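I opened the model to look up two things.

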Amino acid sequence: MSARQLTILYGSQSGTAQDLAEQIWRDSKLYHLKGSVSAMDEYDISKLIQERFVVMVCSTYGQGEEPDNMKRFWKFLLRKSLPADSLRGMFFGVLGLGDSRYPKFNYVAKRLHKRLLQLGASALLPVGLCDDQHDLGYGAVFMPWMTNFWSKLIELSPIPDGLRKLDETPREYRWTVEPWSGSASEEADMYAEVRVDNLFVTTVEANKRTTAEDHFQDVRFITFAKKSVDWNPGDVVYVRPHNSYEDVDRLFELFQEHNLGLNKDTVVLVKEIDSEMPVPAILRKPLPLERIALQYWDLTAIPRARAFAVLARTCPNELECEKLQEFSSYEGQEELFSYANRPRRTILEVLQDFPHASAALTLAALFELFQPIKPRAFSIASSAASGKLQILVAVIEYRTKLKEPRKGLCSNWLKRLQPGDSLRVWTRKGTFQLPADPTIPIVMVGPGTGLAPFRSILQERELLADRRKSGPLVLFFGCRKAAADFHLEEDLRRMENSGLLTLFCAFSRDQNDKVYVQHVIRKQGDLLKKLLMEQNGMFLLSGSSKNMPEAVREALGEAIGSSLYVEDMLKTERYQEETWA
């Protein structure tokens, strides 16, 4: 390979690692570097021994698992037959994306970094550990880590004589985008030809609200036809939502307001500039902008620094441009957090705030400005043996200092689904690793919609031909009021009455003093000692990541009289968590 080439590889479950990998590729052009960016499993790994400079960006999924588009690549690297000096000529950097709420924070990136060293490669700098919990998001680590990476790389491979580092990348845009005079692709679903393992088309059978009409939150129990794919208790289902028609209309109103000459019927064709950045398969055909706006661009996304750099590039207004450049700089990240992240300002609202920049947008810029809609995962709340695929979804809507309420893209899309609607979904192994022996006791803590994976486990056991093969099952469920948001109460009471389940409930607002699951756990020390310490049972927790997980860990330690035992359970994966923000 050329000494002035940088190969950029990513392992991405939701698309964020891919976004950062593409940003690294853009920035590499400042240093006159050539090189491609691709998913690890799409890269010809036989070429790895020839590479001199490589940067790898990867996320950690579930209980320390690698992303789906990295699995083959990782399996190859783990081969015991690989010589210890296989990669002796390679210099590399590994950047990990993770969440410090999880015990195996950035586990994949740490293992990858270690394995590359074992194979003889040289690290340009320590592994970068981006943390989604940081106020400034991944950028807090990504930006300074990349600054150091470029410094180290340029020491080994200086910019050629007669050239200097560029002030701005010559490849700000990945592709060219042109109006198409012919007809658009007839396939209404942009993702119809995308192949994913365990994917199937299903239909909505029921979409019911589980909370009282006067309750502050709408929670949906949605039933889909099972079709031909099976799953195990604790697995998840992925869906890819669409924007609301209201947001799509708002986008085209903005186009019209600024006389951009773009309407819903405008057909465009995305073209490759060179082989370094190929066009995704779903964009390689003529498409109407309305379809792209509905299915591909995330109109509700909170823009990252990259979006402000795109807007600044062609902005003709000095004041707007100055502010946009500040938001896109490393020094301006705290300001950006206050402007965009804290109030959850969407990219559409940003375009309204910067009218001069919006009026100068081009088709190519739009594909850089809008992030692709990422698929969302939901715990499956039913057993495959039931013949139904069911999920329990809290519809996200809340207020910040902004005038309009904030609405979750996917949950509100799911809320709008009607019986008979069809959609493409796919299943994956979930976070929980359940015991193969069904007689091992399982203690579950699932307040609110955290109940979902446990309903799957319970229903699976309920449908066992021989109930005697099931070990003790205990559930600590919590919600605000028994009469308002006791999800799937009928199912849980039936299982309790049959002897399958021991159920403890915490209704936080049904008495003067608030009672949460951790308070109820503290009172069940004898039972928990028996199941966890004497019978080596498992402890599973699912729900909000805010305060509950830590409170439950502390309560369990107090209940059984040993916080060290709880720590040991975490290390041996007998204590597992599945949480979300």
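I looked up what the buried side of α8 touches: its buried residues pack against α7 (305-314), α9 (333-341) and α11 (355-359). Contact here means heavy atoms within 4.5 Å. Helices (H or I, at least four residues) are DSSP runs, numbered from the N terminus.

This is a predicted model: local features need pLDDT of at least 70, side-chain atom pairs count only at pLDDT 80 or more, and totals for chains, interfaces and linings use all residues. Residues are numbered from 1 along each chain as its sequence is written, and side-chain values use heavy atoms, with hydrogens and water left out.

Next I listed the residues of α8 (residues 318-328). The buried ones are Glu-320, Cys-321, Leu-324 and Phe-327. They sit on the same side of α8 because they cover an arc of only 125° around the axis. I took the arc from the directions from the helix axis to the C-beta atoms. Glu-318, Leu-319 and Glu-322 are exposed, on the face turned away from the buried side. Buried is under 20% relative accessible area, exposed over 50%, and partly exposed in between (1.4 Å probe, protein chains only).

I then checked the start of α8. A side-chain oxygen of Asn-317 comes to within 3.1 Å of the backbone nitrogen of Leu-319.

Last, cysteines. I searched the whole structure for disulfides (cysteine sulfur atoms within 2.5 Å) and found zero. Cys-130 is in none; its nearest cysteine sulfur, in Cys-58, is 10 Å away. Cys-130 is buried, at 0% relative accessible area. Cys-321 has its closest cysteine sulfur in Cys-315, at 5.2 Å, too far for a bond. Cys-321 is buried, at 13% relative accessibility.

Notes:
Helix = DSSP H or I, 4+ residues; strand = E, 2+ residues; numbered from the N terminus. Polar contact = N/O pair within 3.5 Å; in protein donor to acceptor, adjacent residues only side chain to side chain.
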